[in-house]
Amino acid sequence: MSPVSLLQDGEVAVITIDNPPVNALSQPVRAGLVRCIADAEQDGQVRSIVLMCAGRTFIAGADIREFDRPPMEPHLPDIVSRIEACMKPVVAALHGTAFGGGLEVAMGCHYRIAVETAQVGLPEVKLGLLPGASGTQRLPRLAGVQKALEIMLSGDPLPAPEALASGIVDRVVQTDLATAAIALALEVSGRPPRRVRDLPVAAVDPSVFEQARSNVAERARGLFSPAKIIRCVEMATDLSFDAGCEAERQLFLECKASPQSAGLRHAFFAERETGKVPGIDGDTPLRPVNSVAVIGAGTMGAGIAYACLSARLPVRIMDNSREGLEQGVATIRELFDAGVKRGKLSDADRTAGLARLSTGNDYESLADTDLVIEAAFENIAVKKEIFSALDRVCKPGSILATNTSTLDIDAIASATNRAADVIGLHFFSPAHVMRLLEIVRGRATATDVIATSLQFAKRLRKIGVVVGNGFGFVGNRMLYSYGRENQLLLLEGAAPEVIDRVLYDWGMAMGPNAVGDLAGLDVGYRIRRERSNLPDDPRYYRVADLLAGMGRFGQKTGKGMYLYEKGSRSGVPDPEVQALIENESKKLGIVRRSIDAAEIIDRCIYGLVTEGARILQDGIALRPGDIDVIWINGYGFPRHRGGPMHYADAVGLDRVYARVCEFRDRFGAQYWQPPPLLEQLARDGGTFSQFVASG
Ligand code: T1G
């Protein structure tokens with residue numbers, strides 16, 4: 001049955017697309033549109049046409065899943081042209097998110113009406129693409145060059161009222177879109193079709209494009225589809241409409257074929273895949289979460305509390321020290337104030353948010369709390385004591401979560417008589433900003449607790465990834481391999497600023513040494529002191545431990561790997577540190593050498609990849625895409641490279657395997673013994689994306 005239907009309402013033909021969940025322009029939708037437009041045009045009783053969608057949104061774009069398959073006719077640009085060529089006026093009725101190809105179809109229509117809550121947008125740039133159905137040629141004709149560039153380069157949605165003001169839609173209504181759209185269709189019936197392609201592109205000073213290019217060069221860091229978008233809009237001002245569309249088509253195909261777009265499309269779907277956990281589906285019961293308590297009012301606890309308050313949850317924050325509690329509340333106030341200052345929150349939001357906050361230091365007050373999140377000192381004894389108290393006072397069914405970043409969930413659960421209610425909710429700092437939430441399942445964690453945690457993540461607008469209870473879970477376990485190579489490279493001859501620059505230019509949000517100074521070298525130092533599985537290697541994090549031992553924690557002490565001028569957050573190289581490193585190399589008998597960028601990149605990134613393969617082998621991550629999502633959203637891995645596992649697939653596992661074997665031969669098997677999964681996939685010509693967790 002076609003997802004596109006045609007119904008007649010008097011003289012108006014109503015074409016409805018019904019292709020859940022987002023009315024993506026799949027091939028059947030495209031074919032159905034061509035058929036229905038032709039039928040309506042040939043029907044003598046029809047004088048005008050309405051195009052609308054069932055479900056929660058107007059067309060949200062091309063069907064991205066089709067991009068990895070050979071293109072199938074009819075192609076979207078041809079459909080948009082076909083609609084525009086229709087001899088009877090076509091009115092697009094927009095609700096939900098008219099994005100990408102959806103907006104392009106709407107711009108091929110002769111009129112556009114939207115319900116006030118609708119949004120329009122061209123987010124193709126977020127997928128490494130550009131609007132490939134003549135959007136780069138029509139939008140400047142409707143909204144002008146400057147606004148068109150802003151919309152396409154940001155990829156951000158535009159609320160309907162703003163779309164009206166920009167000339168993208170003709171009318172905005174409060175309710176009953178269908179009735180209003182049919183009324184508009186009746187109003188314009190009999191008029192000649194009003195085609196966007198016939199509108200002129202208002203002339204602009206060429207400096208507009210130069211300015212756009214310099215903005216993009218600074219912000220887009222290596223992405224090339226933004227520059228292609230600018231070129232398309234520039235051609236809209238120079239060429240005929242058809243010539244502009246032809247040029248757009250070529251540039252679109254270049255973007256679609258790019259590894260960058262493959263990486264970004266992979267990230268898009270991988271982020272939506274994380275919520276699919278075996279044994280959990282739409283029927284899995286959820287526990288109520290109408291109240292939250294946070295134990296520990298430090299940086300993480302305050303950030304977690306703020307994130308919950310921002311999700312309109314009442315929060316009780318506790319700390320065993322009065323000044324700690326006061327500091328935590330002050331931090332939460334500051335976060336609300338910052339939100340108001342940035343225009344993200346109204347005064348009323350802040351007042352209401354703070355009204356949902358309560359404080360205390362008596363566990364008895366948590367008796368009726370639905371979800372308790374412990375964010376106390378990273379020490380197993382402290383956590384066990386807290387969980388034993390929670391077990392004593394909290395009602396049956398309340399979820400007892402720990403924010404631990406490395407400690408054993410099962411060991412913590414063993415301090416209670418309700419291990420099924422215990423789970424890890426590992427937030428990333430700053431907890432109110434980072435979208436990633438590692439949901440760590442203990443051996444006994446109940447399925448409904450996991451399902452509820454996934455839903456809780458969504459409620460906080462975070463991406464919840466369910467992971468197993470191994471040391472460091474997924475993200476940090478891989479971080480130790482990545483950081484290890486950084487530390488070894490320092491001892492072998494690479495300066496901290498060189499390593500950081502190489503990895504930053506490669507795409508990492510920050511180099512590992514800058515990250516260490518930001519997070520605090522004392523944090524990693526303390527965690528390594530707690531670890532029972534440190535490698536037997538005098539070089540392992542030697543420099544970081546020495547600096548921490550000297551009280552050089554990083555930004556917070558003005559000195560770490562780098563020096564920080566008062567108030568500055570960007571460090572400068574410190575000759576004292578360089579001398580210390582060289583001295584340690586000498587003590588260790590390491591002959592320092594010049595190390596090229598390729599080795600720095602491959603050792604750090606393949607350190608991630610090999611640990612990721614072991615994580616898959618150990619069943620700690622459900623799928624390689626989950627690992628990618630964790631490193632993109634928790635550690636600043638470049639999104640356009642798709643995450644460590646996708647990146648390795650793109651390089652080719654045979655090449656990755658050969659390079660890892662080379663590192664094993666040069667640096668020893670202690671760190672570089674290829675994981676069996678990598679070896680097997682490389683031998684069979686496979687990819688990590690084919691991996692399916694066993695059991
Ligand atoms: N194609 C295929 N599937 C899509 C899709 C799309 N465009 N958009 C969403 N889905 C799936 C998604 O994978 C998930 O599947 C379900 O729909 C719900 O999505 C030629 C080339 C519309 C704001 O980039 O931004 O048009 O997990 O969880 O939070 O110029 O989806 O249920 O199996 O995100 O309510 C341009 C992408 C495409 C929009 C809804 N359009 N989508 O958010 O739901 S390229 C986009 C979104 C293009 C043309 C170009 C969001 C949303 P599953 P969801 P949501």
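**Exercise 1.** Find which polar backbone atom lies 2.9 Å from an oxygen atom of the ligand.

*Solution.* Step 1: the backbone atom belongs to Gly101, and its distance from the ligand oxygen is 2.9 Å. Step 2: this model is predicted; local features need pLDDT of at least 70, side-chain atom pairs count only at pLDDT 80 or more, and totals for chains, interfaces and linings use all residues. Residues are numbered from 1 along each chain as its sequence is written, and side-chain values use heavy atoms, with hydrogens and water left out. Step 3: an oxygen atom of the ligand is also 2.5 Å from an N or O atom in the side chain of Glu104.

**Exercise 2.** State how much of the ligand's accessible area the protein covers.

*Solution.* Step 1: on its own, the ligand has 990 Å² of accessible area (Shrake-Rupley method, 1.4 Å probe). Step 2: the protein covers 76% of this area.

**Exercise 3.** Identify the element that gives the most residues to the shell around the ligand.

*Solution.* Step 1: β5 (97–99), α3 (101–108) and α11 (259–273) are the elements that give two or more residues. Helices (H or I, at least four residues) and strands (E, at least two) are DSSP runs, numbered from the N terminus. Step 2: α11 gives the most, with three residues.

**Exercise 4.** Divide the residues of the shell around the ligand by class.

*Solution.* Step 1: Ala, Val, Leu, Ile, Met, Phe, Trp, Tyr, Cys and Pro count as nonpolar, Asp, Glu, Lys and Arg as charged, and the others, Gly among them, as polar. Step 2: the shell has 16 nonpolar, five polar and seven charged residues.

Terms used. A polar contact is a pair of N or O atoms within 3.5 Å; within protein, one must be able to donate a hydrogen and the other to accept it, and residues adjacent in sequence count only if both atoms are side-chain atoms.
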